[in-house]
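Biologist: I have a structure open and would like to learn how to read it. Please take me through it feature by feature.

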Amino acid sequence: MTKSTEVDETAVARATMVKLLAEGLRANPPRIPAQFVWDKEGLQLFEKITQCEDYYPFAAEGNVLKFNIDRILDTISPGAVVLELGSGSLEKTGIILEGLCRLQRPVDYYALDLSQKELDRTLDRLAQTMPKNSCIRCHPLLGTYEASAEWLAESRVCHDRDVTILWLGSSIANETDTEIRKLLEGFASAYSRSRIRTLQLLVGVDGSQDSTQLSRAYDLSNDLSRRFALNSLGSINRSLGYEVFDPTAWRFRGAWNPVKMQYETCLSPTTKMEIYIDGEAIELAAGDLVRVITSRKLDRLSLEKLVFGAGFSVTQSWKHGTCNYGLYQIEMLE
């Protein structure tokens, strides 16, 4: 395995973590920054969640990939750079990479994530499943979504090559419209400032609006959803080196919001509290909702409107047969 490319060293610095946390807790509504949600323990808990039968998005996306793999692979050219945002367990990515191996279509695959240890673990596991002398070269990339756009603009490995950005797991729906547009504009800027030949995204998107199905998926009966959310408090304590939060003084709150068409996973303090971050106090009242993850549900029309504002268009889609889950090809407007 190659040594990780340092995309954004300051993203993991303690001072940056303190600033992110303070900004998140002062936001309206208050939220826990993603860097604390998706630490090593969070990633491992989420991997367990994806194996639960009630967590339908994982299996649905896998089915879409398996049943449409040849047409999906047609969009990835030989010699391309494939960058995956938030690579996670790489289980579904393996479907794509194994298909490229079968076709003997060489690519350089870059797995982007916030956790070095998880990158090492999952890429080692991926290497064990790939054939010897594979035409797929795998590389870890440590950093944030935003920093990956700068990497695309500055990295020579992308010169005169087609770039495919994988954004699987309906992770796009965890971001706000503003964050999505800003990220897409960052990719468009990277394209215009570099020698990238073409740029496309393959994006997994969940459009389900069945409140019963969503509640079962995001508040699992085996308590994994609650453990996952509460781990973010422990992650903050571990990152800052002292007990900012007492996890026993918080409870899980999750609900489907039909107005905003999103499932909101939150934590709520059981009593009024003052949280001290490097000597600075932030007050929360008992019952306040602190957002951990927002899982929006987008149909094709909503996605088209969203990406169009950033200079992209939806050009192809592959849908699940029974639930409203799809993989969408998104390309830059001419």
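Modeller: Residues are numbered from 1 along each chain as its sequence is written, and side-chain values use heavy atoms, with hydrogens and water left out.

Biologist: What is the mean pLDDT of the protein?

Modeller: pLDDT is the predictor's confidence in each residue, from 0 to 100. Here the mean is 91, and 96% of the residues reach 70 or more. Over residues 1-11 pLDDT stays under 50. Where pLDDT is low, the predicted coordinates should not be read in detail.

Biologist: How many disulfides are there?

Modeller: A disulfide is a pair of cysteine sulfur atoms within 2.5 Å. By this rule the count is zero. For Cys158, the nearest cysteine sulfur belongs to Cys138, 15 Å away.

Biologist: Which residues have the most contacts inside the largest nonpolar core?

Modeller: A nonpolar core is a set of buried Ala, Val, Leu, Ile, Met, Phe, Trp, Tyr and Cys residues joined through side-chain atoms within 4.5 Å. The largest has 42 residues, and Ile32, Trp250 and Ile275 have the most contacts inside it. A second, separate core has 36 residues, including Leu83 and Phe187.

Terms used. Predicted model: local features only at pLDDT ≥ 70, side-chain atom pairs only at ≥ 80, totals over all residues. Contact = heavy atoms within 4.5 Å. Buried < 20%, exposed > 50% of the residue type's maximum accessible area, 1.4 Å probe, protein only.
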